[in-house]
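These notebook entries record what I looked up in one protein model.

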Amino acid sequence: MAKKRCTVLIDGSNLYFKLKDLKLHNLLKFDFSGFAKMLARKDNISEVIYYVGKIRTDGTEKTKQLFDNQQKLIAHLKKHKCKYSFGYLLKSDGVFREKGVDVNIAVDMLVSAYENLCDRIILVSSDTDLL
């Protein structure tokens, strides 16, 4: 029997906070390719996509630091052969909220199924909106 083609979709914010709960929140040391291989088991991995809200700088030191950290994360993802997809961040009542990520994930799931790009999709998220 031929190996199945597997796509791994990672809701980055969800993963970050779950890892943070486990005291493993340094994503620059996280083995994304090993994680995907563990999830896919014996299947061939077609692609791994990491979804996150894009940091935009507003000139403050905090947003510059967040932007720089996100750029380091993107470089780390590339080393692990992971693609990335950006949503955006919306500031509401002084708090940034991620927007568009769930929609990007859902669209990629539909496209992958419709275009027969994979046999199995693994979604890494604790967001019940995607169930």
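**Entry 1. Terms and model.** I take a helix to be a DSSP run of H or I of at least four residues, numbered from the N terminus. I note that the model is a predicted one.

**Entry 2. His76.** I looked up His76 and found that His76 lies in helix α3. Is His76 buried or exposed? I record His76 as buried, because its relative accessible area is 10% and the cut-off for buried is under 20%. I then listed its contacts, setting aside residues up to four places away in sequence: His76 touches Leu27, Leu28, Lys29, Phe30 and Phe32.

**Entry 3. The sheet.** I traced an open sheet of 5 strands, in the order β4-β3-β2-β1-β5, and its pairing is mixed. At the edges I found β4 (95-99) and β5 (120-124), each of which pairs on one side only. On average, neighbouring strands of this sheet are turned by 25° against each other, direction ignored. For reference, strands of a sheet pair through backbone hydrogen bonds, either parallel or antiparallel.

**Entry 4. Strand pairs.** I examined β1 (residues 5-11) and β2 (residues 44-54), which pair in the parallel sense over 7 bridges. Which residue in β2 is the bridge partner of Cys6? I read Ile45 as the partner of Cys6. Arg5 stands opposite Asn44 in β2. I next followed β2 to β3: these strands run parallel and are joined by 6 bridges. Here Gly53 has Gly87 in β3 as its bridge partner.

**Entry 5. The largest pocket.** I looked up the largest pocket and noted about 910 Å³ of space in it. Its lining consists of 29 residues, and those closest to its centre are Val52, Ile55, Leu66, Gln70 and Leu89. The elements that give two or more residues to the lining are α1 (12-21), β2, α3 (61-79), β3 (83-92) and β4. Which element gives the most to the lining? I found that α3 does, with 6 residues. By class, I recorded 13 nonpolar, 9 polar and 7 charged residues in the lining.

**Entry 6. Leu90.** I placed Leu90 in strand β3. Leaving aside neighbours within four places in sequence, I found Leu90 in contact with Val95, Phe96, Arg97 and Lys99. I also checked Leu90 against Ser13: the two are 77 residues apart in sequence and 14 Å apart in space, C-alpha to C-alpha.

**Entry 7. Arg97.** I turned to Arg97, which lies in strand β4. Not counting residues up to four places away in sequence, Arg97 touches Tyr88, Leu89, Leu90 and Ser92. How far apart are the C-alpha atoms of Arg97 and Gly53? I noted a separation of 8.4 Å for this pair, whose members are 44 residues apart along the chain.

**Entry 8. Cross-check.** Gly53, which is paired with Gly87 in β3, is the residue whose C-alpha atom I related to that of Arg97.

Technical notes
Residues are numbered from 1 along each chain as its sequence is written. This is a predicted model: local features need pLDDT of at least 70, side-chain atom pairs count only at pLDDT 80 or more; totals for chains, interfaces and linings use all residues. Side-chain values use heavy atoms; hydrogens and water are left out. Two strands pair if DSSP finds at least two bridges between them. Axes are lines fitted to C-alpha atoms, for helices over the stretch in contact, and angles run from 0 to 180 degrees between N-to-C directions. On a 1 Å grid over the protein atoms alone, a cavity is a set of points where a 1.4 Å probe fits but cannot get out, and a pocket is an open set with protein on both sides within 12 Å along at least five of seven lines; lining residues have an atom within 4 Å of a point. Grid points are joined across faces, edges and corners, and a volume is the space filled by probe spheres set on the points. Ala, Val, Leu, Ile, Met, Phe, Trp, Tyr, Cys and Pro count as nonpolar, Asp, Glu, Lys and Arg as charged, and the others, Gly among them, as polar. Buried means under 20% relative accessible area, exposed over 50%, partly exposed in between (1.4 Å probe, protein chains only). Contact means heavy atoms within 4.5 Å.
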